[in-house]
Amino acid sequence: MTAVAAPGPLVRARPARTSTLTGTGRMLRLMLRRDRWRLLVWTAAVAALYASALGEYVLLGADGLQARAVLMRTPAMITLAGPGYGLDDYTVGPAVANELVLWMLVALAVLSILEVVRHTRAEEESGRSEVLRAGAVGRHAPSVAALLLVVLVQAVVAVVTGAVVAGVGRLPAGESFALTGAIAVGALVFAAVALVAAQVSEHARTATGLSLAVLGAAFVARALGDVQGDLEVEHGTALSWLSPIAWVQQTRAFVDPRWWPLGLSLAVTAVLLAVAAVLGSRRDFGGGLVAPRGGRADAAAALRGPLALAWRQQRGGLAWTTLGLGAMWFATGGVVSSLPAVTSTLLENPVYRAILGEGDLVRAFLRVIGLYVALGAGAYAVSATLRLRTEEQVGRTEYALATATGRHRWLGAHLVVAAAGAVVVLLSGALALWAGAAVTGVTDPSFGDLVGLGAVYLPAPGVLLGLGVALYAWAPRAEPVLWALFAWSFVVGLFGDLLRLPDGARGVSPYWWVPDPLVGHVEVAHLVGLAAVAAALVVLAFVGFRRRDVPAA
Amino acid sequence: MTAPVIEIHDLRKSFGAVRALDGLDLTVQPGEVAGFLGPNGAGKSTTIRVLLGLLRADGGTARLLGGDPWADAVALHRRLAYVPGDVSLWPNLTGGEAIDLVTRLRGGADPRRKAELLERFELDPTRKARTYSKGNRQKVALVAALASDVELLVLDEPTSGLDPLMEAVFMQELRAAKEQGRSVLLSSHILSEVEKACDTVTIIRAGRSVESGTLAELRHLTRSAVSAVVAGDATAVASLPGVHDVVTTPAAGGTRVQLDVDAAHVGGLLTTLGRLGVRSFTAAPPSLEELFLRHYGDAAPTDGAAGDGQRRRTTAGAR
C-alpha cells in the first residue's frame, strides 16, 4: 500500500491559501468571459474612430491642417480639443495629439468606469457576487480582478489604436504607441476613481454617476485652465494641471515629447487604489460609506397620470442631454468669430469645400453645425422611444395598463414627453449656438436666423420619433432599425457630397429633405411632407398599439 | 344568484407555435376567494393577462365584472386591483410614490389605509424602488392593491417573495378583503396557500382546466390510500370497481393489502374487506398535495391529463 494510491483528503491536496486575493484569477476569467463581445465592440469602435479621424487628417494634407490650426487657437477649440502644442507646424502627428487625445481619453475613461462599476458594485448590488464571495474568493478579489480587466483592455486598445495611428497616419511607430499608451495610463486613473466610488456608494448607478462627475470636472478644469493661458507663452495653466486629462495632453506627443507627466497619473492611481483598498477592508459586504438618502413617503399631488409619470422618468435624461449638448454647441458657436480669418485657406482644401459647400463660409459652417444640433435631437428622440420597449420588457407597462389607464393615454403620454424633449434639445441647441457666437461678437447670422435654423429641422427628428413609436406598436423587435436610420442620416448629412451618394439613397434620411434656411431658401412643401410622414406614423402607432398584445410575444 | 365576477369558457391563446391556453374554463363567483392552481408555465399568468385586456384571446369567451376584458379594459380596471407575479417598479420613484401613483391611476385610495398597510407589511416607503428587494417590490404592489377600494383583487403568485411572517399578514388581509365582500382570484403554485385561503380551486395544466370546485368537492373526487391486514384471501379486492394499485404482502396474522380507492367506491371496498376479516385498517384522506401530484406527476397521468407531460414542457415559456 503506497501513499500515492490512497485518495488523500482534498484539503491537503492543495495547501489552503487564505488571502484576501484568493480567486482573483478565476474572477478575471469570469469577467472576460462575460464581456468578451462588449469589449471587442468597444475596441473595434475606438479603433474605427481613430481610423476615420486620421483618415481625415491625411486627406486634409499640410495646407488643410495648417488652416485648421488657426481654429485650434480659439478658446472654443481649446475647450473642445487640447492645449495647442505644435500649432505652428500643424501636421498629422500634432493634430492627433492636440485633437484626438481629449475625446479618446474621455471615451476610454468612460469604458474604465463602466467596467469597474459593472464588475464590482453592480455585482454586489444584484447579489450575484454574494454567491461567489461565499466561495473561496477573497474580499479584494473582485476589485483587483476588475482592475486587472481594465488594465488588460486598455493595453489591448493601446496596442490596436497605436497600430492604427502609425499605419493610417504614417507616423513613427514608437511615438504612436507611446501616445496611445499614455491615453491608457490616463484612462486607468478613472478606473481607480470608479473603484473608490464603488466603495463609497451602495448603488452602482450612484458609483457610476460619481465617477462620471469626476471625469466631467477633469474635463472642465483642463478646458478652463488651457483657455486662460496665452498660447504664445504657455500651453495650460496651474488649473489645467489639476486635471488627469491634462497629464496626458502635456506629454507633448509628436511635438516635443516628455513622459514625466504620466508619473502623476500613475502616482494618483496608486493613491486612489490604496484608498479603495482601505475603504473596502472596512466596509460590510453590500454596504457603502454613505447611506442612501430617503425620498418622499407620499407622492406629490402632481404625480397622478401617465403624463406626469413619463415626465418624471425622462426629465433627468433630458436635463443632462440639454446641458451637455448645449455646452458643446455654445463652445462651437464661439469658433464662428475666427472663421473669416481662415476662410480662404480653408476653402482651398477640397475636403472642406465638399463639406461646407460654396458661398459664405460662416453660414456654411453654421449650417453643418445646425445639422449636428438636429441630429443630436434625433438621437434623443430615438433613445426616448426605445425606452417604451424597455418599460414593456421589464413589466412596468403591463402594471400600469392594468390600472384604469387606457393604451392611447399611455402611449400618448410617452410620445408627448419624448417629442417635447426633442424640441427642447433642438431649440436649446440652436440657442446655445447663437449665444456662443454672440458672446464672441458675431451678429450675422442673427438670433432669428439660428432659431429659424433649429425650427426648420423640427420635422426631421419628428419622423424618427414617429417611426420609433410605429415600430414599437407594430414590430417591437425591429426597433434597432431606428438606430440604423439615424446612423444613415448622419452619414448622408456629413459625407453625402463627399461620397457622391445618389439622391435615392440620400432621400432615406429625413434630414436630407430639410431645406437650407441659412444658405438656400426654405422649401415649405418638404417641411409639410416630413411633418405629414411623422403624423401618419404616429397615427399608425396608435392604431397598432390598441390592437396588440402587451407584453408583445 | 348574481352574475359571476369572472367567467371564462374555452379560452384559447397561442404564441406562435406554442399553445399557452387550450380551452381553459374558470368561474369566480362574487365574494369568493378563488384559487388558481398550476405549475409554472401552465398558463396562469396568460389567463390573467387576457382578463386584464393585455392579451387578446384567440378563441373562447372571457367576461370580467360583467364586461368585455379587451373592449372595456379601462372601465373595468377601475373596479379591480392587480398584483403582478414579478413586480417591476419605476426605479427613480420611492415605494410610497409608486403606491400613490398606482392607486391614483386606479382612481385613488384612502391614505390612512395606505399607512396602516405599510405598517403591517413593515415597508419603508421612503426608499427608492431600485433599492428594493423582490419581496419589498411585491409588498409595494400588495399595499397598492389592498389600499384600493375595488371589487376584485387579481393576485398573481403574490407571496412568492414574502417571508413566512409577511405571508401570514397577507393571509389576514386576504381574509379581511373577503369579509368586506371583495372577490379574489389568487394564482399560485403553493398548495398550502390555496388550501388555507381559498373557497374554490381551479387546477390547470398545459393551458386547460383539469379540475375545479370547492376544496371539499375536489377531495371527494380523489382517492384515499388504504392499508389493511386481512385474514382471508385478498385477491378478490383487486377486481373491485374503483380500486387501484393493489399490493399484497404477507404479514403477521394474514395478508397486508395496500391500495388506492376512489371516494365513490369506499363503501364497496369496506364490505368486501369486512367479509375477509379485517385485523387492522388505516385510511389516509387525500391531501391537495396528492390531488396536485395526480394531475401533474408524470408517473400517474389521468384521463384528463394523459399525454400532457410533453406539452407542459413546451408551454413553460408562456409566462
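This is a predicted model: local features need pLDDT of at least 70, side-chain atom pairs count only at pLDDT 80 or more; totals for chains, interfaces and linings use all residues.
In the contact between the two chains, 30 residues come from chain B and 27 residues from chain A. On the side of chain B that touches chain A, two helices, α2 (73–77) and α3 (95–106), each supply at least two residues. Of the elements of chain B, α3(B) gives the most to this side, contributing eight residues. By residue class, the side of chain B that touches chain A comprises twelve nonpolar, nine polar and nine charged residues.

The domain assignment of chain B places residues 6–79 together with 151–219 in domain 1, whereas domain 2 takes in residues 223–285. Taken over C-alpha atoms, the centres of domain 1 of chain B and domain 2 of chain B are separated by 39 Å.

Within chain A, A:Val58 belongs to helix α2, which is formed by residues 24–72. A:Val58 counts as partly exposed because 15 C-beta neighbours lie inside 10 Å, a count that falls between the limit of 12 or fewer for an exposed residue and that of 20 or more for a buried one. When residues up to four places away in sequence are not counted, A:Val58 touches A:Val92, A:Val168 and A:Gly169. As for A:Ala178, this residue is 120 residues apart from A:Val58 in sequence, and the two are 20 Å apart in space, C-alpha to C-alpha.

Methods. Residues are numbered from 1 along each chain as its sequence is written. Chains are lettered from A and ligands numbered from 1 in the order in which they are written. Two residues are in contact if their C-beta atoms, placed from the backbone, lie within 7 Å. Helices (H or I, at least four residues) and strands (E, at least two) are DSSP runs, numbered from the N terminus. Ala, Val, Leu, Ile, Met, Phe, Trp, Tyr, Cys and Pro count as nonpolar, Asp, Glu, Lys and Arg as charged, and the others, Gly among them, as polar. Domain bounds come from an automatic or database domain assignment.
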